[in-house]
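Visitor: Could you walk me through the charged pairs in this one? Let's have a look at it together.

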Amino acid sequence: MRRILFFILFFLFVFSIGYAQSLQTDTNTWDFGKIHASKGEVKHIFLLKNNSSELLNINGTHASCGCTVPAIDKKAILPKESANLEVRFNPKGYSGAVTQYVYVNTDSKSVPIYRFIVKAEVIKE
């Protein structure tokens, strides 16, 4: 019984090594805090690092709303290299707590879609 348990744990460990996350980020959530709608858009830059030994291709980015616009500075990230994901949020028309989502689509087999969250407390004037 112990042998079977050992082999199961061993295979789980071995297979999990190949499926480690390719993309490492400084954070996946950014809170702009209190912002005034009349002052216009705010932005934040997420740092993305390719933690694998293979080229990581960025297939695209999109957001949950047109008020949030993502832009990445590289379409391919070399191993151990980094890219910047700039996210702009326009609070016009919002009031109160707002949460928006940004998605980065990659060719990673382990995690093909990465989700980022931006939040704000919009003060309408």
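Visitor: Which residue does E86 form a salt bridge with?

Guide: First, a heads-up: this is a predicted model, where local features need pLDDT of at least 70, side-chain atom pairs count only at pLDDT 80 or more, and totals for chains, interfaces and linings use all residues. Residues are numbered from 1 along each chain as its sequence is written, and side-chain values use heavy atoms, with hydrogens and water left out. A salt bridge here means a side-chain nitrogen of Lys or Arg within 4 Å of a carboxyl oxygen of Asp or Glu. For E86, the closest N and O atoms are 3.4 Å apart, and the partner is K43.

Visitor: How many residues apart in sequence are E86 and K43?

Guide: Strands are DSSP runs of E, at least two residues, numbered from the N terminus. E86 lies in strand β7 and K43 in strand β3, so their pairing ties together parts of the chain separated by 43 residues.

Visitor: Is E86 buried or exposed?

Guide: Buried means under 20% relative accessible area, exposed over 50%, and partly exposed in between (1.4 Å probe, protein chains only). E86 has a relative accessible area of 18%, so the word for E86 is buried.

Visitor: Which residue forms a salt bridge with E41?

Guide: E41 sits in the loop between β2 (29-36) and β3 (42-50), and its partner is in strand β7 (82-89), 47 residues apart. The closest N and O atoms are 3.0 Å apart, and the partner is R88.

Visitor: Which residues are linked in a network of salt bridges?

Guide: R88 also pairs with E86, with the closest N and O atoms 2.7 Å apart. The structure holds three salt bridges. The linked residues are E41, K43, E86 and R88.

Definitions and conventions
Helix = DSSP H or I, 4+ residues; strand = E, 2+ residues; numbered from the N terminus.
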